[in-house]
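I opened this model today to look up its fold, its core and its surface charge. My notes follow.

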Amino acid sequence: MNGKTYLNQVRVIERTIHSKVCQLEKLQALAERTTAVLSDVSGERNNHSREDVIDELIDQKDELKKEISELIRTKHEISNVVKRVPNLIQRTILEERYIYLKRWKIISKIVGYSESQIYRFHKEALKTVDKILKEMN
């Protein structure tokens, strides 16, 4: 795995978590609608569907907890690799981009360089991360 792919793990996990949160919100709304329908109409078929929705809701919450734990672990691991980048500007760019998921324009303002300069620093920083990852393996 190259440095950029390694560092982008946080972004991928964040997207997965966002997707699961959206699914969870939809399930929660479905569970609430199912409960409202059950108060108007009784029957075993409806009870079963309500139980299914609640079971799915619980499963989704458990999966979300696992993803959040993975995100925390991955951020910590990536942070430890980024801390090994000796150049302060490069390290700051990597932290802002891959741990805090900031846009290039904002990173440019934080470090006080133009976006084109940021891209050059970033390219060099990725080379350093590649070396660090090779040393670790």
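**Fold**

I counted the secondary structure: six helices and zero strands. The model is predicted. Reading along the sequence, I noted the pattern α-α-α-α-α-α. I then looked up burial for the protein and found that 33% of its 137 residues are buried.

**Core**

I went to the largest nonpolar core next. It holds 24 residues. Which residues have the most contacts inside it? I listed Y6, L7, I78, V81, L94 and V129. I also checked which elements give two or more residues to this core: α1 (3–7), α2 (9–40), α3, α4 (88–99) and α6 (115–136). Helix α3 gives the most, with seven residues.

**Negative patch**

I turned to charge on the surface. E51, D52, D55, E56, D59 and D62 gather there in a patch of negative charge. D55 sits in helix α3, which covers residues 44–82. Is D55 exposed or only partly exposed? Its relative accessible area is 44%, so I logged D55 as partly exposed; the exposed class needs over 50%.

**Backbone at L101**

My last stop was a backbone angle. L101 has a positive phi of about 55°, although it is not a glycine. Where is L101 placed? I found L101 in the loop between α4 and α5 (104–111). With a relative accessible area of 25%, L101 is partly exposed. I did not log L101 as buried because that class needs under 20%.

Definitions and conventions
Residues numbered from 1 in each chain as written. Predicted model: local features only at pLDDT ≥ 70, side-chain atom pairs only at ≥ 80, totals over all residues. Heavy atoms only, no water. Patch = residues over 30% accessible without salt bridge, like charges linked within 9 Å, V, L, I, M, F, W, Y side chains within 5 Å. Areas by Shrake-Rupley, 256 points an atom, 1.4 Å probe, with all protein chains shown as cover. Salt bridge = Lys/Arg side-chain N within 4 Å of Asp/Glu carboxyl O. Lys, Arg positive; Asp, Glu negative; His and termini not counted. Charge placed at Lys NZ, Arg CZ, Asp CG, Glu CD. Helix = DSSP H or I, 4+ residues; strand = E, 2+ residues; numbered from the N terminus. Buried < 20%, exposed > 50% of the residue type's maximum accessible area, 1.4 Å probe, protein only. Core = buried A, V, L, I, M, F, W, Y, C linked by side-chain atoms within 4.5 Å.
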